[in-house]
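This report describes selected features of one protein structure, beginning with a helix and its surroundings and going on to contacts between side chains.

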Amino acid sequence: MSLRLRVEPPGTAPFAHESQAASVVVGRSTQADLVVADSYLSRRHARLYLEPDGWYVEDLGSKNPTRVNGRPVAAPERLRPGDVIELASTRLVFEPAENAPPGLRIDSTVFRPASEILGLGEADLTARRATVEGLAGRLRLLNEVHRALAGPISLEELLELILERAFAVLHPEEGVILLRGPDGELRPAASRRVPGLTGEFLHSRRLAQEVTEKGLAALVSDASLDERFATAESFLSLGVRSLVAAPLLDAEGCLGMISLNSRAHLRRFSEADMELLVSLASAAALRIRNIALGEEAARRQLMERELALASEIQMGMLPRRFPERREFDLAATLKPAHSVGGDLYDVLLEGERLWLIVGDVSGKGVSAALFMAVARTLFRAVVPGAASLAAALGRMNRELARDNDRALFVTAFAGCLDLATGELAMANAGHNVPFLLRGDGSVGPLVAPKAMALGVEPEREYPTGSLRLAPGDRLLLYTDGVTEARDGKDQLFSEARLEATLRAAGEAGAEELVRICLAAVEAFAAGAPQSDDIALLALQYHGRG
């Protein structure tokens, strides 16, 4: 199988090289099979050799590594029709001979790295286009596009502008711009065609892969001779022959591609057309990225406003002021880890009974916040007139478990204090154990019968325990955002540190107790990001004496 190359040395005219040998060494040495006048070329730079499945290229330890379609050749690489081999400043275009077997035919397709085209100096571009009719119109096109892109423009308007200008100068019959979606798939974002053409806009997946994944501009003079389109029967059946495509590249990567095609009877595109399309695509890519960033910033700003509103609404659902009675003092705080969270506290005075609850919804963010709102609303709905704390929690649980498709749940510690006697009924639904601070200075856990979290099993019962508070006794209820707060070394604040903080608080009242505990947690974290919501509720019982 003979070999045919288009050789493009630096500073001299391109020429064709054909060989019947099974191995061809390229270099600047006179001992090489293909000698090229390139001072940056190694004496024996690269070798092309024939294997049963086709031609391969390998680097021979050159100082300037061999590249294929812009990629360094680290190991022997099989060549495909139209591949561009870069040897220092020299380019070889691989063109197998006419008698090549299927899969290695001459395909009249040219691939060139878009970055290489964009790197050409103005003199190079002018020289390449000097023979192209309408050079002034092409330069005017680029100027118009750059000027239009400098002003305010939407993505839809931008894509329409690019296609409109491309049609005005390159005269294709069809054009399509494909943009990469969040899932990485290419999808048509804009299209245009001359009057009279109908049907679906088609593009070759293999060509799109070459253009977008390798950053190559493509020029297909006759699609019927290119193996990439051999299986694209619908594409060829429409009569598509000539095609030019360019990647939408910027410094961060490939956003998609623009592809223009023409039928055989209309025209064939040229390398000058490809260069112009690459310039057009490059200008568009930067603006597309900026528009996308702007839209993302606008979406983020809107989301931040909505989250701020949600946070305001959520905080507004918590008690703004606690009931004032001489029998007790109350204080509480809630510090979400994010804009909204799933922790809650609430207090309700019903005659001589003071109901209180601290809870923590599973999960984070908006879903947890919504479930928290439901739980707090249910608490306020079921406790008035409830026969007992156990009955109130049982009803809350049944309502939370109803239609709970997302399987959210609430851990909670709830109590009901008889203000006349100091008798406290209490229940723990899978929550952190609160602390009891006695008037004599002792500090210990407030142990209540434990049961499953609310919202899991609709028929679950919640047993209660009781103790009598004496005047001067205090309670501290909290969520796990307190004890599981972490410092920069990933250590936990822990129940032990919280207990030590409470012992050191002395005779601090409810408001001071909450302030001391929150300050201790923040000092421990020392600026480390807060990973969970924090809720604290303190009660000091004075009695009626």
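## Helix 12 and its contacts

In this predicted model, helix 12 covers residues 510–525, 16 residues in total. From its first C-alpha to its last the helix reaches 23 Å, close to the 22 Å expected at 1.5 Å a residue.

The buried residues of helix 12 are A510, L513, V514, C517, L518, A520, V521, F524 and A525. Seen down the helix axis, these buried residues fall within an arc of 155°, so they line one face of helix 12. The face turned away from the buried side carries the exposed residues E511 and A523.

## Salt bridges

A search of the whole structure finds 25 salt bridges.

| Salt bridge | N to O distance |
|---|---|
| R193 with E174 | 2.6 Å |
| R503 with E499 | 2.7 Å |
| R515 with E512 | 2.5 Å |

The salt bridge between R193 and E174 links distant parts of the chain, with R193 in strand 14 (residues 186–193) and E174 in strand 13 (residues 174–180), 19 residues apart. Are these two residues, R193 and E174, buried or exposed? R193 is buried, and E174 is buried as well.

The other two pairs in the table each lie within a helix. R503 and E499 both belong to helix 11, where they are four residues apart, about one turn of the helix. R503 counts as partly exposed at 46% relative accessibility, and E499 is also partly exposed, with a relative accessible area of 23%.

R515 and E512 are in helix 12, three residues apart, and so are separated by about one helical turn. An α-helix has 3.6 residues a turn, so residues three or four places apart point the same way. R515 is partly exposed, with a relative accessible area of 47%, and E512 is partly exposed too, with 33%. Elsewhere, salt bridges that share partners join R325, E327, E352 and R544 into one network.

## Aromatic rings

How many aromatic pairs does the structure hold? There are four aromatic pairs, and two of them are described here.

F435 and Y478 form a stacked pair, with 6.2 Å from centre to centre and 20° between the planes. This pair links distant parts of the chain: F435 is in strand 23 and Y478 is in strand 27, 43 residues apart. Both F435 and Y478 are buried.

F493 and F524 form an edge-to-face pair, with 5.5 Å from centre to centre and 70° between the planes. F493 is in the loop between helix 10 and helix 11, whereas F524 is in helix 12, and the two are 31 residues apart, so that this pair too links distant parts of the chain. F493 is buried, with a relative accessible area of 3%. F524 has a relative accessibility of 15% and therefore counts as buried, the cut-off being under 20%.

A ring also takes part in a contact with a charge: the charged end of R192 sits over the ring of F167, 5.7 Å from its centre.

## A loop residue, A88

A88 is found in the loop between strand 10 (84–87) and strand 11 (90–94). At 29% relative accessibility, A88 counts as partly exposed. Leaving aside neighbours within four places in sequence, A88 is in contact with D38, Y40, L41, H45 and N64. The C-alpha atoms of A88 and P65 are separated by 7.3 Å, and these two residues are 23 residues apart along the chain.

Definitions and conventions:
Residues are numbered from 1 along each chain as its sequence is written. This is a predicted model: local features need pLDDT of at least 70, side-chain atom pairs count only at pLDDT 80 or more; totals for chains, interfaces and linings use all residues. Side-chain values use heavy atoms; hydrogens and water are left out. The expected span of a helix is 1.5 Å times one less than its number of residues. Buried means under 20% relative accessible area, exposed over 50%, partly exposed in between (1.4 Å probe, protein chains only). The arc is that of the directions from the helix axis to the C-beta atoms. A salt bridge is a side-chain nitrogen of Lys or Arg within 4 Å of a carboxyl oxygen of Asp or Glu. Contact means heavy atoms within 4.5 Å. Rings of Phe, Tyr and Trp (its six-membered ring) pair if their centres lie within 6.5 Å; planes under 30 degrees apart count as stacked, over 60 as edge-to-face and the rest as tilted. A charge sits over a ring if NZ of Lys or CZ of Arg is within 6 Å of the ring centre and within 35 degrees of the ring normal.
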